[in-house]
Amino acid sequence: MKTLVFLEHHEGVLQKDSLGVLSKAVSLGGEVEAVVLGQGVEELAAGAGRFGATRVHVMDDVLLAAPLPQPRVDALETLVGEGGFDTVLFAASVLSADVAAGLAARLGAGLNYDLTDLVVEDGQLVGKRPALGDSVYVDAGWTSEPRLALVRSGTFEPSETGGSPDVQAYESRFQDFSLAATMVEQAHEEAEGPSIEDAEVIVAGGRGLGGPEGFAQVEELAKALGGAVAATRAVVDAGWYPYAAQVGQTGKTVSPKLYVAVGISGAIQHKVGMQSSALIVAINKDPNAPIFEYADFGVVGDLNEIVPKLTELVRQRRAA
Ligand SMILES: Cc1cc2nc3c(=O)[nH]c(=O)nc-3n(C[C@H](O)[C@H](O)[C@H](O)COP(=O)(O)OP(=O)(O)OC[C@H]3O[C@@H](n4cnc5c(N)ncnc54)[C@H](O)[C@@H]3O)c2cc1C
């Protein structure tokens with residue numbers, strides 16, 4: 001197997017999910033190389049060696065400065081063809097999904113998406129994908145090479161193995177149509193504290209909060225714990241909290257050290273986004289709520305009484 005991992009980066013930082021996919025690829029064996037596309041990205045490429053890539057291909061070009069997919073499709077088409085890769089892996093993101101889909105079309109290759117695991121069975125790469133509302137896992141294979149795969153965000157943790165890679169610069173032509181789109185503006189979302197993808201502690205709120213004002217106590221608890229705030233789809237759909245905070249099947253997948261679920265029933269579609277958290281604490285007034293079936297600690301009671309007390313206790317402990 002000769003695998004190429006697409007390393008996405010933003011503002012000079014390689015994305016954690018991409019490094020997680022690289023680490024997984026290394027653990028599967030075979031030749032594993034990576035690619036970094038952008039402008040002024042050579043140093044980033046060297047950093048990828050710590051995660052096990054023996055060789056990192058770099059295409060440094062002003063036309064790759066903006067995070068646009070089509071020029072990246074051109075650059076990858078060249079590299080996959082010249083490098084003889086049989087497998088190309090991506091960590092799913094808005095950009096990577098566009099790039100992977102474009103590359104699949106360009107190469108006439110099969111792309112399996114939303115994978116939550118990759119294994120080698122009888123010498124063949126097999127992807128695992130949740131299906132039927134994430135209630136079952138199906139095996140996803142490829143009938144031809146190169147095999148393209150998009151891995152669900154938050155699936156694999158990066159693991160540092162050390163090493164400095166052979167960094168190789170390469171060049172590619174761009175198609176005229178690939179340069180038709182230009183980036184006009186890039187705006188940053190105002191945010192305080194860690195994002196839910198990176199947070200070690202998450203306090204998530206659900207419909208049990210009773211309304212958007214209920215999130216104030218969730219935010220207070222998250223602040224006391226130094227964590228981020230997440231939400232269920234029910235409250236996002238109701239407009240109580242922004243979509244960026246949604247955890248679950250149609251939201252983000254997170255795996256913090258601590259996940260506190262406040263007023264959340266624990267539906268399967270929510271569970272799939274947070275079940276890999278190291279410790280799950282649930283606060284719910286219904287002792288039969290499904291979340292108690294997989295929470296490590298459960299508190300049965302009214303969140304309006306419990307959450308403020310818990311926040312106060314955390315503050316006292318932190319101050320002591
Ligand atoms: C295709 C599909 C995709 C979906 N994707 C997602 C997804 O990505 N993420 C997601 O979260 N959901 C998703 N859903 C929705 C999911 O099925 C549930 O409807 C949703 O997760 C429920 O949200 P909730 O727990 O906030 O609300 P509810 O299910 O209404 O639960 C509220 C909980 O709060 C408790 N409660 C009420 N008052 C209090 C109180 N005072 N104190 C303590 N506890 C209290 C109740 O006992 C209850 O358990 C999806 C559904 C479908 C069909």
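Partly exposed means a relative accessible area between the buried limit, under 20%, and the exposed limit, over 50%. The model shown is predicted.

View 1. R315 has a relative accessible area of 36%, so R315 is partly exposed. E312, at 38%, is also partly exposed.

**View 2. R55 pairs with D166 in a salt bridge.** The closest N and O atoms are 3.0 Å apart. R55 sits in strand β5 and D166 in strand β12 (residues 166–169), so the pair ties together parts 111 residues apart in sequence. R55 is partly exposed at 29%. D166 is partly exposed at 32%. E33 joins R55 and D166 in a network of salt bridges.

**View 3. E197 and K252 form a salt bridge between loops.** The N to O distance is 3.4 Å. E197 lies in the loop between β12 and β13 (201–205). K252 lies in the loop between α6 (233–237) and β15 (258–262). The two residues are 55 apart, and the pair links distant parts of the chain. E197 is partly exposed at 35%, and K252 is partly exposed at 24%.

**View 4. V62, L63 and L179 make a nonpolar surface patch.** The patch covers about 240 Å². V62 lies in the loop between β5 (55–60) and α3 (69–83). Its relative accessibility is 55%, so V62 counts as exposed.

Terms used:
Residues are numbered from 1 along each chain as its sequence is written. This is a predicted model: local features need pLDDT of at least 70, side-chain atom pairs count only at pLDDT 80 or more; totals for chains, interfaces and linings use all residues. Side-chain values use heavy atoms; hydrogens and water are left out. Patches are made of residues with over 30% relative accessible area and no salt bridge: like charges are joined within 9 Å, nonpolar side chains (Val, Leu, Ile, Met, Phe, Trp, Tyr) within 5 Å. Accessible areas come from the Shrake-Rupley method with a 1.4 Å probe; for residues, only the protein chains shown count as cover. A salt bridge is a side-chain nitrogen of Lys or Arg within 4 Å of a carboxyl oxygen of Asp or Glu. Helices (H or I, at least four residues) and strands (E, at least two) are DSSP runs, numbered from the N terminus. Buried means under 20% relative accessible area, exposed over 50%, partly exposed in between (1.4 Å probe, protein chains only).
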